[in-house]
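Here's a quick briefing to read alongside the model. Have the sequence and the 3D view open as you go.

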Amino acid sequence: MSVLVYTENWDGKFKKATFELVSYAAKVAEMIGSTVSAVSIGKVDETELGKLGNYGADKILKVESENLKSLDNQVYTDILAQAAVAEGAQVIIISHNNTGKAVASRLSVRLKAAVGAGLIKLPVSTEPFTVCKKVFSGKAFANVVLKTDVKVLTLTQNSFELVETENKASVESFAAEVGEPKTVVKDVQKQTGKILLTDAEIVVSGGRGMKSSDNWGVIEELAGVLEAATACSRPVSDEGWRPHEEHTGQTGKIIAPNLYIAAGISGAIQHMAGISSSKCIVAINTDSDAPVFEYADYGIVGDALKVLPALTNAVKEAKNK
Amino acid sequence: MKILVCLGNVPDTTTKVKFGDGKALDKTGVQWIINPWDELALTRAMELKEDAGNPVNSVTVITVGGKDAEPTMRKALAIGADDAIRVDAEPVDAFSVAAQIAEAVKDKNFDIILSGIESSDYNGSMMGGMLAEFLEIPSVSAVSGLELKGSEVELTRDIDGGKEQVTVSAPFVAVVQKGIAKEPRIAAMRGIMMARKKPLNVVPVTPVEPLADYVSFELPQPKPPCKMVDAENVVSLVELLQNEAKVL
């Protein structure tokens, strides 16, 4: 019996999100009185694998093969299903990111395991196994009973704290049958040197109130001093002021940073649906009646083009103290 | 080449959701729409069909839902789909919906199946992948581009911090997201007239036991009012973020 956690890597490295996931798995294992087996797919060195033990993985299974250089949903599902059976997994924990959604869905059907998708906290109870999840794009919560013996849970990034423990993990090779991938990667484009929106703990976001793409310097400067990612509202990406990758909102990226600064964003319900899981929201808008202030924790009524540079200076000063 | 687009029938995004007894959505006064991501999928399917260079013969839409889902299906037909299928069952969880769709289409030889990455009601992001697994065909997720080059299909999928161009042989499921089409297409009057004559086939349910049970719903706790800070005094905002919210 075990809790199985799929620890994805990026060019052989784990991220903070990976360790959040393992910390979460360790807590779930504690709730059901079980141990944590982590599965790593693709080439990751022993030192990096060992780090999973710092967050509560008892056993680390690595699967390496030439066929595993890029994601093939079926091949990855096969491997996780084999590991789940071998480890007698009762709960399988996967990130609610693109890869996670792709494999968790297939795994659910393969193992006839109910899915609790996009969770932001620990299960509410284990008898019956009940999870609480956001529904209607954050307008409500649902309690969902997962009725099967094996359950799949997908966890939203940045929604669980890291918990370090004594490292007693062992690393083993897991001899999975690895099929031939059917998804063939022809080309890859990667952004480099930027903090990814989905990884960022702080996000500075601009809306139509920024008036023009020429004014984005003040957003980037504040993001620079806060080590934050930059984002934007839908009209901004539709206008082509900023790339589509930066659009946060219902149909764009859905994120849960610790701090979200919304500058010149009115707060349409579609935008707020993408960012309402943020732990703290700051709104800067010239219109004191803008709906964004209904969602924000802190607000400033004023012109973002003037407030942001002042805020950048204030943060710099605070950091120098 | 035959394209299938899976459509969810969901409450309009601006709906104030209510749960009469806390057990199920109160449907009174709710406006129903095509799930926004599925609408983008349908738009892309229509673009592919209309490009004369592409060998696309038909675009079919499918949903799992009661008779009250039919206006949404008619809307899809008005946008341009050739025919529609409604599996006559209440959608309970993603697993049972995917199982119902798989059963309804498994012998119909669709080459490309499109499904939106998420539904705006239960936000699970599971249906498309589940359908592919039921049909035992490949799936590609987070697809923001789909081009046909003869019989070759080239997909763009988003990965953390970038994009990949991938190919896969039909039949397959593409789970699509923003970028797959620019703007959702709106039905024109001619389309609405024509939609009335297009086939909307109702297929009976295959019994499938849902794996998950939505037992209760809650509305979020009201948020404390926003603390306003003077625009001339951003230093105090930084202090609040450091000492009160503890996020800096």
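**Strand pairing and the A–B contact**

Lys134(A) has Phe141(A) as its bridge partner in strand E8 of chain A. Helices (H or I, at least four residues) and strands (E, at least two) are DSSP runs, numbered from the N terminus, and two strands pair if DSSP finds at least two bridges between them. This is a predicted model, where local features need pLDDT of at least 70 and side-chain atom pairs count only at pLDDT 80 or more, while totals for chains, interfaces and linings use all residues. Residues are numbered from 1 along each chain as its sequence is written, chains are lettered from A and ligands numbered from 1 in the order in which they are written, and side-chain values use heavy atoms, with hydrogens and water left out.

- E7(A) and E8(A) run antiparallel and are joined by 6 bridges.
- Their hairpin has 4 residues between the strands, and Phe136(A) takes a positive phi there, near 50 degrees.
- On the other hand, strand E6 (residues 125-126) of chain A also runs antiparallel to E7(A), with 2 bridges joining them.
- Ser125(A) sits opposite Thr130(A) of E7(A), and the hairpin from E6(A) to E7(A) passes through 2 residues.
- Is strand E7 (residues 129-135) of chain A mostly covered or mostly open, and how many of its residues are buried? Mostly covered: 7 of its 7 residues are buried (under 20% relative accessible area; exposed is over 50%, partly exposed in between, with a 1.4 Å probe and protein chains only).
- Both faces of E7(A) are covered, with Phe129(A), Val131(A), Lys133(A) and Val135(A) buried on one side, and Thr130(A), Cys132(A) and Lys134(A) buried on the other.

**Across to chain B**

- Strand E8 (residues 140-146) of chain A is also joined to E12(B) by 6 bridges, and these two run antiparallel.
- Phe141(A) turns up again here: its bridge partner in E12(B) is Glu218(B).
- How many residues does each chain bring to the contact? Chain B brings 76 residues and chain A brings 85, where contact means heavy atoms within 4.5 Å.
- The size of an interface is often given as the accessible area lost when the parts come together.
- For chain B and chain A, the buried area is about 6,800 Å², and carbon and sulfur atoms give 59% of that (buried area is the accessible area, with a 1.4 Å probe, that two parts lose on being put together, summed over both).
- The rule finds 7 salt bridges across this interface (a side-chain nitrogen of Lys or Arg within 4 Å of a carboxyl oxygen of Asp or Glu).
- A salt bridge links the side chains of Arg106(A) and Glu133(B), at 2.7 Å from N to O.
- Between chain B and chain A, 41 residue pairs are in polar contact, both at pLDDT 80 or more (a pair of N or O atoms within 3.5 Å; within protein, one must be able to donate a hydrogen and the other to accept it, and residues adjacent in sequence count only if both atoms are side-chain atoms).
- On the side of chain B that touches chain A, H6(B) gives the most, with 8 residues.

- In H6(B), the buried residues include Val234(B), Ser236(B), Leu237(B), Val238(B) and Leu241(B).
- The buried residues of H6(B) pack against strands E14 (259-263), E15 (280-285) and E16 (298-301) and helix H9 (304-320) of chain A, together with E13 of chain B.
- After H6(B) comes Lys246(B), with a positive phi near 55 degrees.
- Thr167(B) belongs to strand E9 of chain B.
- Why does Thr167(B) count as buried? Because its relative accessibility is 9%.
- Beyond its neighbours within four places in sequence, Thr167(B) is in contact with Lys182(A), Thr183(A), Val184(A), Lys186(A), Glu152(B) and Val153(B).

**Chain B as a whole**

- Chain B has 6 helices and 13 strands.
- Of the 248 residues in chain B, 56% are buried.
- The C-alpha atoms of chain B fill a box of roughly 65 × 45 × 40 Å along the principal axes.
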